[in-house]
Structures are given as structure tokens and as C-alpha cells.
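Colleague: I am new to this structure and would be grateful for a close look at a single part, the surroundings of the ligand. Please describe the residues there and how they are placed.

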Amino acid sequence: MPIDPRAPYDPNNIFARILRGEIPCNRVYEDAFVLAFHDIAPQAPVHVLVIPKAAYVSWDDFSASASAEEIAGFVRAVGHVARELGLVDPGYRMMANVGHDGGQEVPHLHVHLFGGRGLGRMISAG
Ligand code: 5GP
């Protein structure tokens, strides 16, 4: 079910549990600001999620409330992960779903990185 991006942060959401090590993930990168790991149901040959370590429900929450240091750390890390995965030369897509119409299902901000094949001009609205 899509989430309410303005709801209070749920500390028991699945990505909070991954951050606490309660649920395993296939990690690709970690630093002081982010954890990046492979999506459990990949939609492309490369499908990685980058999440902030701090508790933000969505891009809306993060862009309004995160510190400049957190925002810089997150944006730099997303770019770093894409470079480390070799996605820059062939190209890739980054995406953050927000709320109901965006189809966001996990209420902890995450950026999807897709690559490994031509992705077309846009993701399906289906
Ligand atoms: P959203 O629709 O919220 O933007 O995307 C949530 C993503 O999280 C989906 O692509 C889904 O496959 C992924 N996901 C959900 N649960 C887990 C999990 O336990 N582990 C991993 N690695 N990915 C998950």
C-alpha cells in the first residue's frame, strides 16, 4: 500500500530494520550518511536503493527538514554509488517515489538507481 509521506516516521519500517541489522540486505556501499543495497525485487539488471541513515519518511520530509550536511552527504553518496557500479558511462536512472500517487511503499526515504540496459524515456505509469 502506498504510504502517507507526511505521516510520522515509523521506526519499525523495513528499511529502519535493515539499518539496525535486524533484517539482512545485499549491501553495496555504506558511509556515515547512507546505506546502499540491492533491491529485493529488481526491475532492471542493476537496481540499487540508497537510503539515508537518519529517519526521514520521504523526499518531501528530507528536503524540508534535513541539515545541509545530511543533504550533501546523501546526494554525494548517490552519485558515488552510481559511479562505483559503473553506471555513468552507459547511463542510468535515479528515482524517488513520494506518497500515494508516486507509489511509495516503504516509509523511509530511498532513491532507486536503475541501470544495466536501455531504460526508455520514462518508467511505466502502470
Ligand atoms: P517504493 O515503491 O517504496 O519506492 O520502493 C520500495 C522498494 O523496496 C521496492 O522496489 C521493493 O522491492 C524494495 N524492498 C521492499 N522490501 C525490501 C527488503 O526487505 N529488502 C530489499 N533489499 N528491498 C526491499
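Modeller: Of the 17 residues around the ligand, those that come nearest are Asp39, Asn97, Glu105, His110 and His112; a residue is near the ligand if one of its heavy atoms lies within 4 Å of it. This is a predicted model, in which local features need pLDDT of at least 70 and side-chain atom pairs count only at pLDDT 80 or more, while totals for chains, interfaces and linings use all residues. Residues are numbered from 1 along each chain as its sequence is written, and side-chain values use heavy atoms, with hydrogens and water left out.

By class, the shell around the ligand holds 8 nonpolar, 7 polar and 2 charged residues. Here Ala, Val, Leu, Ile, Met, Phe, Trp, Tyr, Cys and Pro count as nonpolar, Asp, Glu, Lys and Arg as charged, and the others, Gly among them, as polar. Helix 1 (14-19), strand 2 and strand 3 each supply at least two residues of this shell, and helix 1 gives the most, with 3 residues. Helices (H or I, at least four residues) and strands (E, at least two) are DSSP runs, numbered from the N terminus.

A backbone N or O atom of Glu105 lies 2.7 Å from an oxygen atom of the ligand. An N or O atom in the side chain of Asn97 is 2.8 Å from an oxygen atom of the ligand, and a polar backbone atom of Ile40 is 3.2 Å from a ligand nitrogen atom. Taken alone, the ligand exposes 520 Å², of which the protein buries 82%; such areas come from the Shrake-Rupley method with a 1.4 Å probe, and for residues only the protein chains shown count as cover.

Asp39 lies in the loop between strand 2 and strand 3. Asp39 counts as buried because its relative accessibility is 16%; buried means under 20% relative accessible area, exposed over 50%, and partly exposed in between (1.4 Å probe, protein chains only). A polar atom of the Asp39 side chain lies 2.8 Å from the backbone nitrogen of Ala41. Leaving out residues up to four places away in sequence, Asp39 touches His47, Val48, Leu49 and His112, contact meaning heavy atoms within 4.5 Å. Asp39 and His112 are 73 residues apart in sequence, yet their C-alpha atoms are 8.4 Å apart in space.

His47 counts as buried because its relative accessibility is 3%. Beyond four places in sequence, the residues that His47 touches include His38, Asp39, Ala41 and Pro42.

His110 lies in the loop between helix 4 (99-102) and strand 5. His110 is buried, because its relative accessible area is 6%. A polar atom of the His110 side chain lies 2.7 Å from the backbone oxygen of His108. Apart from neighbours within four places in sequence, His110 is in contact with Phe15, Leu49, Val50, Ile51, Met95, Ala96 and Gln104.

Terms used:
Polar contact = N/O pair within 3.5 Å; in protein donor to acceptor, adjacent residues only side chain to side chain.
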